[in-house]
Amino acid sequence: MINASLKELSAALADKRISSVELTQLYLDRIARLNPDLNAYVTVDAARSLAAAQAADARRAAGNAHALTGVPLAQKDIFCAEGWRTTCGSKMLETFVSPYDAHVVTRLEKDAGMVSLGKTNMDEFAMGSSNETSYYGPVQNPWDRSRVPGGSSGGSAAAVAARMAPIATGTDTGGSIRQPAALCNLTGLKPTYGVVSRWGMIAFASSLDQAGPMGKSAEDCALLLSAMAGFDPKDSTSLDRPVEDYARDLEQPLAGLKIGLPKEFFADGMNADVAQAVEAAIAEYRKLGAEIVEVSLPNMKLSVPAYYVIAPAEASSNLSRFDGVRYGHRAAEYTDLTSLYKNSRAEGFGAEVKRRILIGTYVLSHGYYDAYYLQAQKVRRLIAQDFAAAFAQCDVILGPTSPDVAFRAGEKAADPVQMYLSDIYTIAVNLAGLPGMSLPCGFAQRDGKRLPVGLQLIGDYFSEARLLNVAHQYQRATDWHQQMPEGL
Amino acid sequence: MQWEVVIGLETHAQLSTVSKIFSGSSTAFGAEPNTQAAAIDLALPGVLPVLNRKAVECAIRFGLAVGAEVSPRSVFARKNYFYPDLPKGYQISQFELPVVVGGNLVLQVGQGENAYEKTVRLTRAHLEEDAGKSLHEDFHGKTGIDLNRAGTPLLEIVSEPDMRSSAEAVAYAKTLHALVRWIGICDGNMQEGSFRCDANVSVRPKGQEAFGTRREIKNLNSFRFLQQAIDYEVRWQIETLEDGGKIEQATVLFDPDTGETRAMRSKEDAQDYRYFPDPDLLPLVISDAWKAEVKATMPELPGEKRARLEAEYGLSAYDAATLTASLEVADYFDAALAALGAAGKAQAKTVANWVMGELSARLNKDGREIGDSPVSAAQLAGLVARIGDNTISNAIAKKVFEALWNGDGQSADEVIDKQGLKQITDSGAIEKLVDEVLAANPGNVAEYKAGKEKAFNALVGQVMKAAKGKANPQQVNDLLKAKLAG
């Protein structure tokens, strides 16, 4: 059952072979057993989950169920969920219980009737690539407990990889769905900016943040995305487009598909065995009938520096609301307004968040704005133009998700620039607002352990269904995505 | 040395929308603290702003009313600073690309003989949200925060530094105040803070082209304070300069109790607001079609109406300006003319005189607004009609007006009838009175014949007195003249 696809779970629930309460209990038991070590969830509320499962069973019995009604999922703790503590990985929100639901929560839990198993761990305010910046402690990678699961959606990745949830939500600002998916052998999709509403999703960098599914297969991701996406008038950047069935093209053959390989992705920096796995995947796509062409993204190298101007700039402003006045952490000791702010924020935020607030404040300051923020916005446009030119020559772009497999906990924590470079292949996609996904494409050996390698597919705007099709066809031909960590 | 004063105003007009600029919360004034502050207004984690279409329409109305360019594309920006009544830690405003650019406001400065017209250029007007309120009293050394006002839509209207005296600044503020009410975008309630001004004031030696260093007087919420604050500030700046001092750029507050301004912060500790485009909001795009749609709902503007009153009714420029100084006065005048029907056009000047004279004086005396005048426009029209057809004289009309004001009658006709105020126009009756007065006042007659004009007036007065004011004054005049000449 724990390896079942969403489709299989849906069928089992529909056929009454299992109830949502039983299924939920099964996962809650696994969470109780595995989570104390893995630390993938920061909040579990069995009673609440079981009550939701009961309601889902009733809905199924009443005959007005959605395909996913009663299917459990893990929610990244960045989504506000009414009645649930919502921490965003920060001490700042340690006691914050949301009075309202994020749009994603409404869609998945209320409209589709899915059952939340709990809130997953994450880098603080989604700032990190290893889940080590979480106030609630690091998350272990189920493939090697001494390694990181990636970030910022590391808790969601570890939860699904360890089968503590059949599927999870994540958010991706610079790779936070795709990189942990790669490091934990999952399939994850970051949709086109504006496809999933950001209402109730705690903002890191508003112009880059986008929620998406993290699951065991492209097919599962397609089903979850279909239930998550859609226009939301409460988010002004949400796109008013017709509702899509993202699974509609899964079975399309790939003959005639043009896959572009950006030469900049394959220049250097990629680890040899990661490169090998990616090359093997390219060969597999050839067999499936795809044509491989070389493309170029000449401004790719500017994506990390541009991102580390724009994202912190927006974050510095987005995080100003955490001031200890209305909710969230307030320092016990203060003498005046300024010390209330200073002490509350000094205590409530971790080091990485502070670093980014400082960077963001700096680049927006008078006299620096033109040199940093405006320049970065120009780079952003150039990167989008690069992609547009590339998509004139190919249907999807293929490359690695991450330059290396999961690194050791603590290995990069002291060197922020090294940490930032682990998102070197994913960041440009957010800057351009394009959809991108990661899927398992093999393993590399490290210290006698098998560690997953992720393959990244990038599509043109609104090509999610096509990307999922390209991933699904690969997953029909390979079994990388079906492998699971040992000892669980 | 001769000094020239230079003033520019920044005005915050609270827009008359039902809900806030980026949330669905009510904007009604006076509710219990924090009862009109929902998730967005509280800046809970994860909330997002959605622009209120009505607020944009208000900005379009304003742009059209002042002949400005309504930007086809404008951008909301975040103004970042920390304050407890600013829940997000930033204010959503517009910075580099405002919704309204340019425009003019034509003012009538001064009264009567000294009145002159002045055109003040507008720099821009932009949409933004208001902050909440910090309540420093009643919390025993702590500060209370009321977020009901947070997110209330404001239009900040910025003038060029075109004004040269506090009188011009006040005329500008009054004209602007009347305009925003006229076009229905702001209730103009200054006590509730719906309309407040910041004044940038500097002085320079007359003839010098470069501006002096300015100081900004914040948050003036009455025309009187605006005048007092500028007058004080100008005196202070001139004295400082004449004493060999220098003006430092600063933000100052006006204290109505002392009538003085004092510096709140200097340029050195001016905040860096780190403006940048708000990524939560798309650029505001206003199509020509939308502009046209709004334009179709615009009332006749004060300037247009003024020109029409002059052309159609032959009113003087001053009268036309006075009657269009506020929407309420203009509406009252229009309603009175409408009640007069076909006779309206001929009586327009008389109506104008009554509105600007007796009615205005009486309203002032009782501290009332024309909107709640005890004498309605229809009642005044009835009164003017009776003056027009010689039923009553002007002097009697004042009596009738007073009676209507006090509620002693539903209409002028009723008052005239009840109090027997109908004018005597029977020349036989008047002649009899004239003869009696001439016979009884030989002294005045002799004086008049000796060339003393005043004596004639005394005789007229005697006749009117004998007629209890009801004799037709023109007939009395004519008859007296004829008899005295004979």
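Author: B:Thr324 is in contact (heavy atoms within 4.5 Å) with B:Trp182, B:Pro302, B:Lys305, B:Arg306, B:Leu309 and B:Ala330, once its neighbours within four places in sequence are left aside. The model is predicted, with local features needing pLDDT of at least 70 and side-chain atom pairs counting only at pLDDT 80 or more, while totals for chains, interfaces and linings use all residues. Residues are numbered from 1 along each chain as its sequence is written, chains are lettered from A and ligands numbered from 1 in the order in which they are written, and side-chain values use heavy atoms, with hydrogens and water left out.

B:Thr324 sits in the loop that runs from helix 6 (317-323) to helix 7 (327-340) of chain B. Helices (H or I, at least four residues) and strands (E, at least two) are DSSP runs numbered from the N terminus. With a relative accessible area of 5%, B:Thr324 counts as buried; the term means under 20% relative accessible area, against over 50% for exposed and partly exposed in between, with a 1.4 Å probe and protein chains only.

Chain B has a radius of gyration of 29 Å, well over the 23 Å that the globule rule gives for 486 residues, so chain B is more spread out than a compact globule. That radius is taken over C-alpha atoms, and the rule is 2.2 Å times the number of residues to the power 0.38. Taken along the principal axes, the C-alpha atoms of chain B fill a box of roughly 95 × 55 × 50 Å. Of its 486 residues, 50% are buried. Among contacts in chain B with a separation of 6 or more, 68% are between residues 24 or more positions apart. Chain B exposes about 22500 Å², with carbon and sulfur atoms supplying 50%; the areas come from the Shrake-Rupley method with a 1.4 Å probe, and for residues only the protein chains shown count as cover.

Chain A has 15 helices and eleven strands. Its radius of gyration is 21 Å, close to the 23 Å from the globule rule for 488 residues, so chain A is as compact as a globular protein of that length. The C-alpha trace of chain A spans about 70 × 55 × 50 Å along its principal axes, and buried residues make up 65% of the 488.

A:Tyr425 lies in the loop between helix 13 (416-421) and helix 14 (427-432) of chain A. A:Tyr425 is buried, with a relative accessible area of 4%. Its contacts, leaving aside neighbours within four places in sequence, include A:Phe265, A:Met270, A:Met300, A:Pro403 and A:Gln456. A:Tyr425 and A:Asp77 are 348 residues apart in sequence, and 25 Å lies between their C-alpha atoms.

Two other loops of chain A have backbone features to note. A:Cys88, in the loop between strand 2 (72-76) and helix 4 (103-111), has a positive phi near 55 degrees although not a glycine. A:Cys88 is buried, at a relative accessible area of 0%. In the loop between strand 3 and helix 5 of chain A, A:Ala126 has a positive phi near 70 degrees and is buried at 2% relative accessible area. A:Ser152 is found in the loop between strand 3 (115-120) and helix 5 (154-161), and a cis peptide bond with omega of about 5 degrees joins A:Gly151 to A:Ser152.

Helix 7 (residues 218-228) of chain A has ten of its eleven residues buried, so this helix is largely enclosed by the rest of the structure. Among the buried ones are A:Glu219, A:Asp220, A:Cys221 and A:Met228. A:Gly230, which follows the helix, has a positive phi near 130 degrees.

Last come the nonpolar cores, each a set of buried Ala, Val, Leu, Ile, Met, Phe, Trp, Tyr and Cys residues joined through side-chain atoms within 4.5 Å. The largest has 159 residues, and A:Phe125, A:Tyr285 and A:Phe387 have the most contacts inside it. Helix 9 (residues 303-318) of chain A gives the largest share of this core, nine residues. Another core lies apart from it, with 70 residues that include B:Leu15, B:Ala173, B:Ile183 and B:Ile238.
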